[in-house]
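Subject: Structure handover and notes on charged pairs

Hi,

Here is the structure I promised to pass on to you. Please open it alongside this email, and my notes on its charged side chains follow below.

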Amino acid sequence: MSINGIMNSVSAPVQETYSQKTNTKSNSTNTDNKTSQSNDTAAVYEPSSTVTKDAVKATKNNYKQNTALVEKLKADQEQRTAQFRQMVESMLTKQGKTFQNADSMWKILASGNFTVDRATALQAQKDIADDGYWGVEQTSDRILSFAEALSGGDPEKMEKMRAAFIKGYKQATGAWGRDLPDISSKTYDAVMKKFDDYASKNKEDDSVTELEK
């Protein structure tokens, strides 16, 4: 066999082997690319809107009484009520007016059969002013805050709070002995409006939640 024949016989299988390796490498590269693409696709994170909405709904419906706020409101109310009562007691005692309980005190005040000294009158005017502690806005805000804290914001319980307020207003009218002063009726209207606004806002929030489902 000539030198050329030997070289040709050797080079042929070498070229074939190289070609096979090249094809194998190419196939391996293609496979790796596909695997990489598959892995890249699998690694893409798409947030689950369903889980998020369920979590939001669960959080929204987790109504819980705000004990800390309830206690704070009660303490503040009791302190201010006690101060007011002491002022009235002092004023009526000086005038020889006696009463056995809160109801009789309110009836004396309702009768108007007493005089008010200047200091008491100025303090009363300050307290019942538009921006005063016993004014319409502050009083109605406190009542609604109290209702929210006790109910935890639960719409059904808020309606029970509304019913309790109406009952309390009627009892106050009975203790007064006649129609309550104008500031009281204005406060009643303000509280009822705030209950209405709260209920309306809650329905709007529920509607939005339903649409997002």
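Predicted model: local features only at pLDDT ≥ 70, side-chain atom pairs only at ≥ 80, totals over all residues.

A helix here is a DSSP run of H or I with at least four residues, and helices are numbered from the N terminus.

Side chains of opposite charge can pair when their charged atoms come close. Lysine 193 and aspartate 197 do form a salt bridge, at 3.0 Å from N to O. Lysine 193 is exposed, its relative accessible area being 52%, while aspartate 197 is partly exposed at 39% relative accessibility.

The count of salt bridges in the model comes to 8. Two others bring helix 8 together with another helix, and I'll take them in turn.

One is between lysine 194 and glutamate 137, with 3.3 Å from N to O. Lysine 194 is in helix 8 (residues 182-212) and glutamate 137 is in helix 6 (residues 136-151), so this pair ties together parts that lie 57 residues apart in sequence. Which of these two partners is buried? Lysine 194 is, since its relative accessibility is 16% and the cut-off for buried is under 20%. Glutamate 137, at 43% relative accessibility, is partly exposed.

Because arginine 162 lies in helix 7 (residues 155-176) and aspartate 196 in helix 8, the pair ties together parts that are 34 residues apart in sequence. Arginine 162 counts as buried, with 11% relative accessibility, whereas aspartate 196 is partly exposed at 42%.

One more charged residue may interest you. Where is aspartate 127? It lies in helix 5 (residues 118-127), and at 10% relative accessibility aspartate 127 counts as buried. Setting aside neighbours within four places in sequence, aspartate 127 is in contact with Arg80, Gly132, Tyr133, Trp134 and Gly135.

Do write back with any questions once you have had a look.

Best wishes

Methods: Residues numbered from 1 in each chain as written. Heavy atoms only, no water. Salt bridge = Lys/Arg side-chain N within 4 Å of Asp/Glu carboxyl O. Buried < 20%, exposed > 50% of the residue type's maximum accessible area, 1.4 Å probe, protein only. Contact = heavy atoms within 4.5 Å.
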